[in-house]
Every structure is written in C-alpha cells, then in structure tokens.
Amino acid sequence: MFSVKPMKPTFKSYLPPLQTELKQIPQPPIKKLEARLLPGEIVVNEVSFVRKCIGADSSHGDLWGKLICTNFKVSFITHDALPMQRFQVANRLLGEHDVPLACVEQVVTVNDAKGKQKVLCSNQKLKFNPTELILYCKDFRIIRFRFDEAGPQSAKKVCLAIAHYSQPADPQLLFGFEYVGKQYYGSLGERVNGVDPGGGLQMPLFDRPSEWDREIKRTGAAEWRVCSINEGYVVSPSLPEYFVVPVSLADQDLKQYLCFFTAHRIPLWCWNHPNGSALVRMASISDPLQQRKLDQRICSAITKSHPQRSDVLKSDLDKNLPNIQDIQAAFVKVRQICVIEPFEESEEKWLSSMESSRWLEYVRAFLKHSAEVVYLLEGKHVSVILQEEEDRDLSCVVSSLVQLMLDPHFRSLTGFQSLVQKEWVMAGHRFLDRCNHLKKNDKEESPLFQLFLDCVWQIINQYPAAFEFTETYLTVLSDSMWIPVFSTFLFNCPQQRTENSMDFAQSKCISVGEEKALRFPPVWDWSQQFTPKDQALFNNPMYVGKGATCVQNGAVKSFRRTKKNYSSTLRGMPSSLRNILMDGHDSLTLTRRNSLVSRLKPDFSQIREVVESPTERFFRDWVSRPADLQGMLIPQLLPSHLALWRLYFLRWVPEASIPKGGPVTAYHKLSQLADEVEKLQSQLRQYKGATPASTPTSNAPPSDHSRMYFKAGSTHEPSSTPEYLSSSFPFSPVGNMCRRSILGTPLSKFLNGAKIWLSTETLANEAL
C-alpha cells in the first residue's frame with residue numbers, strides 16, 4: 001500500500017480577507033417590551049409576536065409587539081409608531097394601547113383554519129388555538145389582535161386570562177382594592193407619601209353633615225335640617241349616613257315610617273328654589289294600607305317647610321318614563337348602528353335606524369319630564385316629590401336635570417361634580433349593577449348615567465355659553481366609569497364601599513388606622529388621570545359665569561349681561577311641552593309617543609280655537625324673553641333640536657371622522673381668542689396697578705395662567721387649523737376600530753347572530 005501525502009496548495013490570494021466578525025459592529029440596544037404597572041398591578045399572562053390590526057383593508061401599518069394581561073388591563077406594548085397622528089390626551093393610569101378589563105364587554109376568539117369562533121366567558125375552556133382575538137369594549141371600541149407568529153399555547157392562555165379577569169366574581173376582585181391598598185396605605189397604616197385620597201378637592205363629597213349644612217344655606221332652605229339617624233347605615237344600607245329632611249319631621253317619626261318605604265328609603269331633600277319650593281325624592285310606599293296616611297304626613301311636613309305653605313305634587317316616574325330595560329335595549333341598538341353596521345349604507349337608512357332605536361326618544365322623554373317639573377317649581381311655586389320604586393335610577397336622572405335647568409351653580413365644573421356626587425353617588429345609584437362590573441346579571445345593566453350625560457350634552461348644545469365644561473369633559477367622565485380605581489363608579493352605595501373595603505383590609509392585613517376602611521379616591525381628582533395641560537380641555541372658552549370679567553372703558557369689571565346682549569336666535573316655542581296633563585291624583589302624566597316626528601294640525605282654525613293652558617303660557621312667556629344664561633334654562637325638544645352626540649358615539653369610527661372639521665375647529669379658534677383676551681386683561685391690570693419699578697422686563701419669562709388648551713400666538717398661524725385636529729379630537733379611531741373581514745365574511749354579517757353585547761352565548765356557527 002502506498003501512502004498518499006496531501007498536496008500543498010499552489011494558489012496564492014492577494015486580496016485581503018473578508019471581515020466576518022459582526023460582533024465588532026455596534027448594535028443599538030434593544031429595549032425589552034415591558035408593561036408599565038400601577039401599585040398593586042401584576043402581570044397575569046403575556047404573549048409575544050402579536051400583531052395589532054390598524055388598517056381596515058390590509059395589514060399595512062399594523063403594529064407588532066407583546067400582548068399582556070394584568071389584573072387591571074389589557075396592555076399592548078410595541079416599539080412601532082402609529083402611522084398617523086393619534087391621541088392628544090394621555091391618561092396617566094393607562095398606556096397608549098391599554099384597555100381596562102372593566103371596559104371589556106366581550107372577548108371573541110377566532111381560528112381561521114378550522115373556521116371556528118367563540119365568545120369566551122370566565123372559567124371556560126377553549127378547544128382550539130386562536131389565530132385572532134377581538135375585544136368589544138363598553139366605550140364602543142373594537143380592538144383586534146392577530147397571533148400569526150405567536151405561540152399557539154401562549155395565545156390561548158392570554159385569551160383565557162383576559163376573559164377570566166374581565167369578569168370578576170366578587171367586588172373585592174376589582175383592581176381598585178389592590179391599587180388603593182398599595183398606593184395609599186403602608187404597613188403601619190400611615191398614608192404613603194402623605195397622600196390623602198380625595199383630599200384637597202374644592203367640592204363637597206356630601207359624606208359629612210357640614211357639607212349638607214352648607215348646601216342648605218346656599219339654597220336658602222331654612223326649614224330643612226340634616227338628619228343623622230342613618231349613621232353607621234343602621235337604618236338603610238342604600239341611604240347615605242347624612243341627608244336632609246323637613247324640620248317638622250322628628251327623628252322618632254322618621255324611624256317609625258321607615259318600614260313602610262321600599263328598602264327603607266324615606267324622602268330625601270334634593271334642592272330648594274329661591275321661592276321656597278322644594279324638590280324631594282323618595283321610594284314607593286310598600287304597604288298600601290299606609291299609603292294615604294304617609295302621603296299626608298310627608299306632604300304636610302314639606303308644606304310646612306314652604307314660606308307660602310304651597311301644595312305638594314307627586315310625580316310617579318315609573319309610570320311616566322321608560323324603564324331601565326327599555327333604555328338598555330335602545331343603547332344596545334345605538335351601539336349596533338354606530339359600531340357594527342357598515343357606513344356604506346345611505347344616510348336616510350342610517351338615520352331611520354337611529355330613530356328606530358328610540359334612544360333619542362328616551363333622551364327627549366327625560367328632558368321633557370324634567371322641564372315639566374321645572375314648570376311646577378318655577379311657575380306654580382309648588383314643591384315636587386319624585387317617586388320611584390326604589391328611588392335609585394330614574395329619579396337620579398330627573399332630579400339632576402331639574403337642578404341643572406334651574407340652578408346656574410350646577411353648570412360650573414365644581415357645581416356639576418357636586419351634583420353628580422349628591423344625586424348619584426351618595427343617593428345610592430347602583431353603579432356596580434348598572435355598569436355590570438361583575439358580569440353577573442345582564443338584566444340589571446342599564447346606561448342611565450350615559451343617558452343623563454347625553455341629556456346634559458343636548459342642553460349644552462343649545463346653550464353653549466351657559467356651561468363651564470365641555471363635551472370632552474362629559475366624554476372623559478363617562479370613560480372613567482370603566483377605570484375601577486375610583487369610588488365614584490365602583491359601588492352600589494356608600495355602605496357597600498365601606499363594608500367591602502373593611503373586609504378587604506382585614507383579609508390583606510392592611511392597617512387603616514382610625515378610618516376603619518380603605519378610602520378610595522374620587523374621580524373628581526382629575527390630576528390622577530390627566531396633566532394640567534390636558535385638563536384645560538375641560539374648560540369652555542364661551543362660558544359666561546359669575547366670575548367672568550370684561551374690560552369696559554379701560555377698567556376690568558365683573559361681567560354682567562344686559563338684555564340687549566342676549567341672543568335669542570336659537571329660541572323657539574317648545575311645542576313638545578304642550579301635552580302636559582295632570583291626573584286626578586295631582587301627579588304628572590307624561591304622554592308617550594312612538595315617534596319623534598310631531599303631528600301636524602290639519603286645520604289652522606282649530607289651532608286658534610284651542611285655549612292656551614297655564615303651562616303653555618308659562619313656556620311661551622319664557623321663550624319670548626332673552627335667554628338668561630345665569631337663570632332658568634329650558635331645552636327645546638322638537639326632533640330638529642335633538643342631535644346625536646357624535647363625539648361620544650362616533651369618535652372611534654374612521655368613516656365618521658372629519659379631518660380639520662367638527663365642533664373642535666370652533667373650539668380651537670375660541671380658545672385662542674379667549675386666551676388672547678385673558679392676556680390683554682392681565683396686561684391691563686399690570687398697567688393700571690404697576691409702578692415703573694415693578695413693571696416686568698421683557699426678559700422675564702411669561703407666566704402662564706391661561707385656562708385654555710389652545711393658546712394665542714402659538715406656532716400655528718391664527719388662520720390655520722392644526723393637522724391633528726378632527727371631529728374625534730381628543731380621541732383617535734386609529735387602532736381602536738377595525739371592520740376587517742373575518743373568514744371572508746363582513747364583520748357585521750358575522751356578528752349578526754352573535755347577540756353581541758346582549759349575551760355571552762357561544763356563537764351560532766361554532767362547532768366544538
């Protein structure tokens with residue numbers, strides 16, 4: 001055998017070797033995708049390589065990142081930037097792509113390959129690996145995620161976690177308990193960083209007698225007193241600890257009458273008119289044998305509290321207004337029309353669908369009935385009792401609207417917040433049940449607070465200069481219902497908050513000191529959600545209030561309008577108020593109509609023969625005078641006067657967004673004008689009162705005391721509108737509404753049989 005030696009290479013290269021060491025090339029550091037967590041917030045599950053759908057027609061512009069489920073929110077973390085200008089307002093509690101779990105209405109999972117879809121409930125199994133997740137939110141958003149590149153098991157786990165944690169079984173599982181326990185209380189019961197939840201607010205919370213006393217004095221209710229028989233909630237769990245009753249009713253009498261009222265909810269004083277008439281609300285009398293006796297006793301006490309000893313009239317809201325189920329059904333239809341149904345249909349069909357939902361009809365019914373009560377208080381000088389079965393739902397809406405129409409104090413920002421605190425929170429409105437935070441009983445859910453805010457918006461839309469706050473404020477207030485941190489919208493009554501927070505503090509060994517229970521922050525401390533700059537969006541530049549100032553003959557004086565300053569161009573006789581009837585029991589009767597379209601009289605001679613009623617004469621005289629923005633306001637109730645609240649219902653719909661259009665364009669110009677006026681007034685004050693030595697130099701930094709979001713003399717030209725402004729401002733539909741097809745079927749048809757927002761049943765075409 002011969003050994004073969006390896007041959008030596010004969011080729012010689014004269015080129016330098018290639019640089020293959022990639023480690024020598026500096027690489028930018030890759031930031032890890034992590035969710036920003038609040039105190040008490042923990043990550044439950046997460047999945048990477050998730051695509052959030054942005055575009056409606058293709059995947060172009062979609063965002064890639066990590067989907068995280070915590071015990072508070074669904075969070076999407078990405079390094080990508082949105083292709084368009086998006087939100088101008090950032091919430092301090094939520095990230096750019098975060099959705100609170102309390103805001104999630106339904107969780108729908110889809111598998112493209114198997115053609116399966118499923119609405120997930122809590123503690124439910126998922127027998128297929130989802131390729132897509134759709135979140136239907138209570139604030140009308142539809143958010144979609146794709147799991148094309150994600151791990152199938154991780155995607156399934158995060159979907160199940162979202163479904164489970166968005167449907168808590170107990171109030172103490174709501175995130176607010178963990179947040180408050182970690183944010184405000186230390187191990188020894190001391191306040192963390194000295195923070196006092198709810199402290200420093202310039203408004204009453206009506207949880208102490210002194211605040212009720214101030215309200216009595218403010219309204220001049222001399223014959224009314226603060227009652228404390230419910231201290232410790234020993235009398236009624238749904239009533240506040242302190243409330244106002246007639247002076248002539250002794251505590252012993254009230255305790256004797258308690259058992260005859262539903263849920264022991266005795267009559268509660270709401271407000272006093274300057275003429276002495278009182279607005280009172282109470283539950284129905286459960287014992288028919290005691291009906292007449294108690295009615296006489298209560299009415300007699302209210303009559304004695306009136307300077308002229310005027311009569312007392314009772315309004316049965318259960319008979320005269322839609323019930324909570326009708327309101328919920330109308331709200332679901334509006335959501336279906338605004339969110340699910342395509343916008344390619346004709347305008348006439350869309351408007352007829354909106355009318356058939358009856359939402360605006362119900363808005364009109366509550367405004368009309370409230371105006372009738374205003375007539376009795378203002379025109380007839382009589383006291384009115386609003387009666388409802390439990391006095392916790394419809395009465396909240398009507399009592400608030402009546403006070404808003406009659407008292408200009410409640411049209412200021414602080415006054416409006418105190419109105420909601422008094423008539424909703426402390427009066428025991430069932431926010432936990434009506435918002436369905438626990439997803440226990442769909443029959444108890446009803447958007448009464450949203451209905452009230454819509455009614456308020458209708459009045460603002462007709463009298464924009466009479467309110468200190470804007471529709472942005474109303475929208476943000478509604479959105480805050482789904483952030484389970486604030487006590488305002490988290491419980492059915494103050495007693496439930498106290499009981500649950502005491503139990504939670506004991507179970508978690510949280511020392512609360514002398515308070516005995518966790519003290520939740522109210523939503524009215526807006527600094528917890530927004531910066532001072534963003535809070536400026538709440539301020540109405542057209543507001544004409546008692547504190548407004550003007551310049552007259554070179555001097556700054558308090559602004560007081562004369563009759564010639566008022567404008568009555570938007571005024572007209574509210575003919576919808578003509579059918580006001582009184583039944584034999586002196587109770588108001590509201591005529592129900594099936595349509596918003598008013599019926600026309602065929603013969604004009606018949607109109608001249610109709611005798612004008614006192615009610616019609618009262619409203620005719622009122623509308624003939626110039627509008628007093630610091631006086632009584634009555635909304636116009638013809639169908640042409642009521643409009644859809646676009647910012648609330650259509651802000652997430654890209655097709656409905658108007659670039660550089662909508663009310664925000666006027667708000668932008670007016671804000672700049674108001675800011676310029678404020679600056680000129682400030683300079684005039686300095687000129688009138690400053691000495692040469694104290695005159696500020698040109699090098700001194702200007703102080704910014706403006707209340708306006710848009711400032712005068714900004715980088716934008718006065719005649720131009722910023723590019724990011726649209727009719728959805730300060731919200732953005734980008735990434736929050738997607739109508740892309742599923743399995744080749746339009747989304748609206750796919751959801752047609754799903755009873756979306758009505759139930760959590762499995763979809764009809766699901767095959768497990």
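Let's start at one side chain: that of Thr488 reaches the backbone nitrogen of Val523 at 3.0 Å. A polar contact here is a pair of N or O atoms within 3.5 Å; within protein, one must be able to donate a hydrogen and the other to accept it, and residues adjacent in sequence count only if both atoms are side-chain atoms. The model is predicted, so local features need pLDDT of at least 70 and side-chain atom pairs count only at pLDDT 80 or more, while totals for chains, interfaces and linings use all residues. Residues are numbered from 1 along each chain as its sequence is written, and side-chain values use heavy atoms, with hydrogens and water left out.

Thr488 lies in the loop between α14 (471-479) and α15. Helices (H or I, at least four residues) and strands (E, at least two) are DSSP runs, numbered from the N terminus. With 1% relative accessibility, Thr488 counts as buried; that word means under 20% relative accessible area, with exposed over 50% and partly exposed in between (1.4 Å probe, protein chains only). Leaving aside neighbours within four places in sequence, Thr488 is in contact (heavy atoms within 4.5 Å) with Val425, Phe431, Pro522, Val523 and Trp524.

Helix α2 (residues 175-184) is mostly covered, with seven of its ten residues buried. Those are Phe175, Gly176, Phe177, Tyr179, Val180, Gly181 and Tyr184.

Next, the strands. In β12 (residues 278-283), six of six residues are buried. In a regular strand the side chains alternate between the two faces of the sheet. Here Ala278, Val280 and Met282 point one way from β12, and Leu279, Arg281 and Ala283 the other way. Two strands pair if DSSP finds at least two bridges between them, and β12 pairs with β11 (residues 268-272) in the antiparallel sense over four bridges. Trp269 stands opposite Val280 in β12. The hairpin of β11 and β12 has five residues between the strands, and Gly276 takes a positive phi near 105 degrees there. Strand β14 (residues 383-388) runs parallel to β12, joined by five bridges, and Glu388 in β14 stands opposite Ala283.

What about the cysteines? A search of the whole structure finds zero disulfides, a disulfide being a pair of cysteine sulfur atoms within 2.5 Å. The sulfur of Cys159 is too far for a bond, because the closest cysteine sulfur, in Cys69, is 9.8 Å away. Cys270 is in no disulfide either, as the sulfur of Cys396, the nearest, is 9.0 Å away. Cys159 is buried, with a relative accessible area of 0%, and Cys270 is buried at 1%.

Stepping back, the chain has 21 helices and 18 strands, and buried residues make up 55% of its 768 residues. Among contacts between residues at least 6 apart in sequence, 75% join residues at least 24 apart.

Over residues 556-608 the pLDDT stays under 50, and the model has 110 contacts beyond four places in sequence for them. Where pLDDT is low, the predicted coordinates should not be read in detail.

Note on methods
pLDDT = per-residue confidence, 0-100.
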